[in-house]
Amino acid sequence: MDDVKIEYHPHTKRRPDIFPLKTYQANKRKAKTINSTRPRPKRPWKPFGSRAEFEFAEVAIKASLTKNQVNALIDVMRRCVDGKDEFAIRDHAHLCEIWNTSAVLHATPQKHLISVEYKPDDIRTFDFWSRSIWDWALECIKDPILSAHIQWDAQRLFKFNGTRYSRLPPGGKPLCFILYADKTKLSSFGTVMGYPVYARIGNFDVHIRNGTGVGGGELVGWLPIVPEDEAEKGKKDYVDFKRIVWHKSFFKLLETIAPHSVTGCWVKCGDNVDRHLFPIVLIFSADYEEQCVMGLNRGFMGLEPCPICHVPKDALHDCGKVWQLRSGAETEKIIAESRVLNAKEGEELLKANGLRAIDNAFMSVAWSDPHEILSYDHMHNDSHGLGGKHLYSSVLTYLKASGRDELAELDRRFKAMPSWRGLTHFDQVVSLDFTDATKLEHLVKILLFTSHNLIKKKYKEGALLISCLRAYLNMITYIGLQVCTDETIAAGRDAVRKFSELMKEYKNQSTLQADKNWDIPKMHLRVHAFDDIIAKGATRNYNTKINEGLHPPIKEFYEQIGNGKDVDEQIMHLDHQSRIAKSIRFQIDLYDGKFDADPEVEMEDSRPDTLKPGGSFKSGHIIFGSVQKSCSLKDISAAHAGDSAFTRFQSKFHRFLRDNFSAEFSAADFGKILDANSEILEYRYLKVSFISKVTWEAETNHLRCNPNFMSKPRYDYILVATPDGGVMFAKLIFMFTTATNDRIDPWVLIQPYDAHIGQPTTCEKDFQLYRVRTKVRSSSCFISAKSIIRGVVVLPSYVKDEDYYVFDVLDDDLFLRVQDLWKVRLGQQ
């Protein structure tokens with residue numbers, strides 16, 4: 001059980017590897033550490049004269065300091081030099097001279113002139129700045145430290161589930177580039193736009209590839225923005241002109257890898273192994289509008305608006321049907337045919353296929369079909385699209401029609417939502433507009449649990465809309481899983497089908513939104529989500545969210561420029577300095593031994609239970625923190641005399657130990673623990689680690705059991721393993737440890753949420769609201785803290801006071817656990 005199998009691509013002729021799950025997890029943790037056994041560089045801060053000079057320059061570039069600020073700091077430092085290090089930088093000009101000297105360490109940005117004819121005798125030229133993505137890639141793969149984190153052999157990963165191996169989607173084998181392009185505002189208060197292009201190397205392990213450090217995302221280009229011409233705005237020729245400028249710029253960006261993609265190139269990599277590398281573009285990450293530019297599609301107003309398949313415009317709402325996929329070769333053929341026809345016939349052919357007659361830059365790179373490398377954008381399609389904009393506004397439409405009281409109640413329920421680290425807490429939502437993708441994602445999740453019974457019954461389709469909301473949450477959870485298996489992919493496809501069926505039914509029955517158009521690309525594109533997962537891996541590999549996280553530095557560079565002139569050139573050069581600083585910092589961290597120690601992973605640790613510095617206590621996968629003053633069992637009973645949960649505290653604890661741990665304690669230890677004057681330690685913070693059912697790696701929850709946390713009581717909820725092999729939901733009441741001569745034990749007083757509830761209601765089944773019922777507070781009981789599986793969020797059902805719903809969309813692990821619990825409850829397992 002729980003063995004992990006890695007199957008390599010047949011061309012590698014490598015035999016499959018099979019590991020016990022714990023060995024696989026240990027290997028994964030080890031892979032995330034930097035190999036520090038290689039010789040350390042002697043002077044990693046070169047070309048700076050000393051480490052101090054580099055660190056000063058690094059601070060200056062990170063802080064986006066102006067020329068005057070740099071000169072002022074240099075003046076201060078020169079007066080403060082005490083001889084502990086050398087500092088010879090004289091002024092800003094000298095600093096720039098050193099930066100210029102260091103520019104040769106990495107591929108420098110270059111300016112290219114992009115000339116495009118708009119009309120006869122009207123040739124317009126634009127600046128396009130880029131760095132060689134081939135040279136950048138070689139720098140990364142030749143690095144001896146990063147080489148340990150590159151996967152060259154395509155793999156299929158399996159986990160044995162007791163009956164068969166569950167195959168994961170295969171990854172790429174060549175030198176894989178992931179590209180992202182999107183316009184962004186450079187200033188919150190201005191109108192100046194930038195058009196950066198970022199690149200990542202798909203072969204790197206995900207924690208490096210999706211990061212911002214060495215080996216992570218890099219700025220590789222700055223596309224020209226064709227100005228809007230009011231006289232030409234909206235005209236087909238001008239729209240085509242702007243796209244030609246875009247593709248000619250990308251031809252220039254890709255020209256350093258295009259020849260090697262055909263013939264390959266022998267490269268001695270950082271591990272001293274010669275490899276025949278074929279660079280390809282595996283993924284193009286972008287929102288729908290950018291995908292249309294890249295795929296030569298006419299967009300939402302075209303007859304076939306999808307850049308990936310030939311779905312007609314009036315069928316975008318139907319996610320249950322699959323249409324013929326586009327291909328680069330087919331698109332080239334259609335465009336070629338349109339060019340030999342007369343203008344009218346050629347335009348009709350292009351319109352029928354939703355295309356523009358432009359040469360696609362990505363066809364210059366072998367194995368990089370432009371329609372295949374377009375990838376599902378989880379952020380814009382879901383958080384910023386179907387969920388955060390359309391479904392949320394639809395629910396609000398019905399709540400507004402239901403009345404002001406319902407809207408006020410929705411705000412009240414959002415505000416009452418239990419707190420959880422990483423989950424946005426909303427004080428109100430109805431009168432506010434949100435643009436942040438994370439907030440929109442959280443808002444839609446919470447909406448299901450706060451609105452399920454607010455729409456007035458006269459709107460019979462209201463319940464159907466809530467069913468659509470639940471189906472949407474199920475679907476996007478499967479789409480967003482960090483690790484996908486055959487089972488979750490099949491479940492995800494089924495979720496897409498169910499969502500499509502429910503939405504078609506809602507579309508036909510809706511009274512308040514009878515005229516709403518659901519034939520939108522963000523409805524349709526999820527048809528391709530699981531094909532992308534199979535071809536390219538989990539959506540986190542191409543979600544635009546990780547790439548938009550690279551925008552803040554260039555916005556800081558823009559603020560640093562000040563004069564607003566030659567923005568593209570100045571930002572590319574400042575980014576180049578930043579990249580040099582980042583690589584030198586990496587070498588200095590290696591020099592300092594920062595990567596020598598393996599990260600501590602506290603899962604089922606074999607070390608004995610220990611009191612840690614500051615009074616925290618560790619036992620296996622749990623840590624108690626926020627220790628209080630020691631007190632006696634008698635003091636606890638007295639301090640909580642008005643709380644029925646603490647009634648007969650001492651005798652209840654005595655009975656619990658006797659019934660469950662009699663074999664573990666001697667009579668003397670029992671006597672010591674249960675003595676009314678025996679001291680215990682109360683704790684108000686709980687850290688619990690667990691193995692995720694999705695990633696098979698350790699994840700951590702941070703829980704509170706505190707009467708006054710951030711000026712209000714907070715008692716979190718947990719999932720507990722029961723002695724009969726089942727699980728139980730519960731609320732934390734009191735956490736403490738007892739001590740004998742040779743051991744310390746962690747205990748928790750809880751309020752069980754396992755009262756009998758009978759069969760789920762129709763609404764609960766339709767909305768998949770997993771209900772639990774609390775026992776009266778006087779039915780509190782004790783558990784060993786070691787039986788805690790993980791933390792959860794439980795919130796009121798707003799139907800009966802004693803009933804609660806489990807917030808199963810809190811994270812992927814809890815979602816899958818509750819899905820299993822549903823099968824048991826419905827008798828399917």
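Reply: Rolling a probe the size of a water molecule over the atoms shows where empty space is left. Here, Gln291, Ile308, Ser375, Tyr376, Asn381, Leu525, His528 and Asp532 line the largest cavity. A cavity is a set of points, on a 1 Å grid over the protein atoms alone, where a 1.4 Å probe fits but cannot get out, and lining residues have an atom within 4 Å of a point.

Me: How many cavities of 30 Å³ or more does the search find, and what volume does the largest cavity have?

Reply: The search of the whole structure turns up one of 30 Å³ or more, and the largest has a volume of about 40 Å³. That volume is the space filled by probe spheres set on the points, with grid points joined across faces, edges and corners.

Me: What classes of residue make up that lining?

Reply: Three nonpolar, four polar and one charged. Ala, Val, Leu, Ile, Met, Phe, Trp, Tyr, Cys and Pro count as nonpolar, Asp, Glu, Lys and Arg as charged, and the others, Gly among them, as polar.

Me: What should I know about the model itself?

Reply: It's predicted: local features need pLDDT of at least 70, side-chain atom pairs count only at pLDDT 80 or more, and totals for chains, interfaces and linings use all residues. Residues are numbered from 1 along each chain as its sequence is written, and side-chain values use heavy atoms, leaving out hydrogens and water. pLDDT is the predictor's confidence in each residue, from 0 to 100; the chain's mean is 89, with 93% of its residues at 70 or more.

Me: Where does pLDDT stay under 50?

Reply: Where pLDDT is low, the predicted coordinates should not be read in detail. One such stretch is residues 160–172, with 46 contacts (heavy atoms within 4.5 Å) beyond four places in sequence. Residues 599–607 are also below 50, and that stretch has 22 contacts beyond near neighbours in sequence.

Me: Is strand E10 buried or exposed?

Reply: Buried means under 20% relative accessible area, exposed over 50%, partly exposed in between (1.4 Å probe, protein chains only). In E10 (residues 196–201), six of six residues are buried. Pro196, Tyr198 and Arg200 point one way, Val197, Ala199 and Ile201 the other. Strands (E, at least two residues) are DSSP runs, numbered from the N terminus, as are helices (H or I, at least four).

Me: Which strands does E10 pair with?

Reply: Two strands pair if DSSP finds at least two bridges between them. E7 (residues 175–181) runs antiparallel to E10, joined by five bridges, with isoleucine 178 opposite arginine 200. E11 (residues 218–222) is also antiparallel to E10, over four bridges, and there glutamate 218 partners alanine 199.

Conventions: On a 1 Å grid over the protein atoms alone, a cavity is a set of points where a 1.4 Å probe fits but cannot get out, and a pocket is an open set with protein on both sides within 12 Å along at least five of seven lines; lining residues have an atom within 4 Å of a point.
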